[in-house]
Amino acid sequence: MAKAVRFYESGGPEVLRLEDVEVGEPGPGEVRLRHVAVGLNYADTYFRNGTYPIPLPNGIGVEAAGVVTQVGADVTNVAVGDRVTYTGFINTLGAYATERLIPAAPLIKLPETIGFETAAAMTMRGLTSAYLMRRIHDFKAGDTVLLHAAAGGVGLIVSQWAKLLGVRVIGTVSSDAKAEVALAHGCDHVINYSREDVVSSVRDLTGGRGVDVVFDSVGKDTFMSSLDSLKRRGLMVCVGTASGTIPPFDPQLLAMKGSLYMTRPALADYIADPAEKAELAGELFDHVANGRIKIEIHQHYALQDAVQAHRDLEARKTTGSSIFVI
């Protein structure tokens, strides 16, 4: 039998259970997939704690890489034996498993130059970084971005991608150790927010002007300082809510702080079009395969360690990418 992590009620990491499961035969439009590596993402905690409501009991995890072992009727995009990776939302939920059934539509064929562990560590983070750098804003050489969680999985990829475009990166981190990691992966300057004021540091580093764009994956705790770090008519990108959702506010605030723009994007809307998904994935794979972007896997877990993995995520003990190895 296959193994899968499931949960029966919303709550803390302790609600996760590793169980034996029957996988069954793929139906129309589905494949059976044998996982080799599974991605661990902060968004997984939102499903577990109820921030993203889902029917229970349910599986968890939305990203993995492996080999197609069976295909159902009407599947044309992949075949038995194909190496694939995937990420998504509700349609891919249940990735914390050794084997599973999954719709074929989200699957992306892996080039031979990309290993399974690398794919599981970068598909969600890499495609997120791809749309942030290639779709959200028309970046030009000399632009400056403020990047929160600069030592995280997305942060390390965004920093490297930014350098390819000539974009200056000011990162924020919570410790000196994370500062070293961020600087080694492309950040031009790093602010340790545990002892430095972010807004005043940003103004000092930009000659009082502020940054062109903020990528804020923290949410509630950093929202106001992010707005205050922007230049006039700058762009606030709320790409995550690790500290909690942003409280309601009057849009007049954006006018008062410099006619700011704001967006709250979701990866699903940038890979919904198969052609756009293929274009973003192709650019990502090319950068990684040719060494222009390096994927750092700093934490490896077994599926039976899912509870500890979630505790580490929420305690901000991780840097770079984290994966489960099957």
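# Pairs, pockets and a cavity

Guide: Val-211 stands opposite Leu-230 in strand E13. The model is predicted, so local features need pLDDT of at least 70 and side-chain atom pairs 80 or more, while totals for chains, interfaces and linings use all residues. Residues are numbered from 1 along each chain as its sequence is written, and side-chain values use heavy atoms, without hydrogens or water.

Visitor: How do you know that strand E12 and strand E13 pair?

Guide: Two strands pair if DSSP finds at least two bridges between them. E12 (residues 211-216) and E13 (residues 230-238) have 5 bridges, in the parallel sense. Therefore they count as a pair. Strands here are DSSP runs of E, at least two residues; helices are runs of H or I, at least four; both are numbered from the N terminus.

Visitor: What makes E12, helix H6 and E13 a unit?

Guide: Together they form a right-handed β-α-β unit, with H6 at residues 223-228. Right-handed has a set sense: with the strands pointing away from the viewer, the path from the first strand over the helix to the second runs clockwise.

Visitor: Which strand also pairs with E13 in the parallel sense, over 3 bridges?

Guide: Strand E14 (residues 261-263) does. Met-236 stands opposite Met-262 in E14.

Visitor: What is the strand order in the open sheet of 3 strands?

Guide: The order is E2-E1-E4, and the pairing is antiparallel. E2 (17-21) and E4 (58-59) stand at the edges with a single partner strand each, so one side of each has no neighbour in the sheet. Strand E1 (residues 2-7) joins E2 through 5 bridges. Arg-6 stands opposite Arg-17 in E2.

Visitor: Why is one space called a cavity and another a pocket?

Guide: Both are found on a 1 Å grid over the protein atoms alone. In a cavity, a 1.4 Å probe fits but cannot get out; a pocket is an open set with protein on both sides within 12 Å along at least five of seven lines. Lining residues have an atom within 4 Å of a point.

Visitor: How many cavities of 30 Å³ or more does the search find?

Guide: The search of the whole structure finds 1. The largest cavity has a volume of about 40 Å³, where volume is the space filled by probe spheres set on grid points joined across faces, edges and corners. Helix H3 (residues 153-164) gives the largest share of its lining, 4 residues. The lining includes Gly-153, Leu-156 and Lys-294.

Visitor: How does the lining of the largest cavity divide by class?

Guide: It has 3 nonpolar, 4 polar and 2 charged residues. Ala, Val, Leu, Ile, Met, Phe, Trp, Tyr, Cys and Pro count as nonpolar; Asp, Glu, Lys and Arg as charged; the others, Gly among them, as polar.

Visitor: What lines the largest pocket?

Guide: The lining has 47 residues, with Tyr-42, Ala-43, Val-154, Ser-217 and Val-239 nearest the centre. The pocket holds about 1,100 Å³ of space. Helix H2 supplies the largest share, 5 residues. By class, the lining has 27 nonpolar, 16 polar and 4 charged residues.
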